[in-house]
Amino acid sequence: MTRAVLSMVLVAGVAVPAFADVTVKQMGSGKGMGMSTNMASTSYIKGMKMRVDSVNGDTTRTMIFDVENQKIYSFDSKKKEADVWDMADFGRQASTAVDMSQMKASITPNGQTKQIAGKTATGYEMNVTVPTHLGDGKNAMAMQVTLNGPVWIVKGAPGAQDYMTFYKGAVEKGWIFSDPRAAKGQPGQAKAMAEMYRQLAATGGLAYETDMNIKMDGDGPMAAMMARMGNITMTSTVESVETSPLADSLFAPPADYKLSPK
């Protein structure tokens, strides 16, 4: 679960959706829960579908977010099997653990600019607070997830308009852009990351660099322990963006893979 949560954050950090066919290459790093990792990632976007290939050592982990058909696929390069989630059902389950009506989110310019991958990026400060709980019934623990830090937005980047449309619609439908296995254990973090991308889309550009801190707070000894475990930092930086046609087959598991519904 620890590795899954950290990978969840990095996958979310490197995902850059849009409607046009776009290929985005990024480098990401994450630290938390007593672990750290570096990850090269490539995101492929076509319409309402996105594929993220993340390389860690000699293994490539792939996630496909098919908003059109309400499916998430997850598989790696080591075995011919893909896990499949029905996002319509999973989104309803995740929403029961998060009080979105009490969520607070803002993204404000910080007056700075810098060059990233040959583009001029404008600085913003991101803040997202999401009340949530872990567990059910009498054992449920009230928690709060806070995500904050600077982000750097490139206005007029390829696919920016489609990026805004994609995320606005997807998040309103309850979508997350994380590994569902990790999201089940940390629904507040998954929802906070999804809201972060909706806020980024509202800027009218693409995030070329993020430097986020994710913190969990709560009352009671178990909540305090989870708070210590849940503190995560993650950074991602765009290396290149390309716009060229992508094959439809890229956005589905290979034909010879066994599909395992979850």
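Let's start at T113, which is exposed, with a relative accessible area of 55% (exposed means over 50%, buried under 20% and partly exposed in between, using a 1.4 Å probe and protein chains only). This is a predicted model, in which local features need pLDDT of at least 70 and side-chain atom pairs count only at pLDDT 80 or more, while totals for chains, interfaces and linings use all residues. Residues are numbered from 1 along each chain as its sequence is written, and side-chain values use heavy atoms, with hydrogens and water left out.

T113 sits in strand β7, residues 104-116 (strands are DSSP runs of E with at least two residues, numbered from the N terminus). Setting aside neighbours within four places in sequence, T113 is in contact with T120, A121, T122 and W152 (contact means heavy atoms within 4.5 Å). The C-alpha atoms of T113 and I153 are 9.0 Å apart, although 40 residues separate the two along the chain.

Now turn to D66, in strand β4, residues 59-66. D66 is buried, with a relative accessible area of 3%. A polar atom of the D66 side chain lies 3.2 Å from the backbone nitrogen of E68. Beyond four places in sequence, D66 is in contact with M48, K49, K71, Y73 and W175.

How values were computed: Helix = DSSP H or I, 4+ residues; strand = E, 2+ residues; numbered from the N terminus. Polar contact = N/O pair within 3.5 Å; in protein donor to acceptor, adjacent residues only side chain to side chain.
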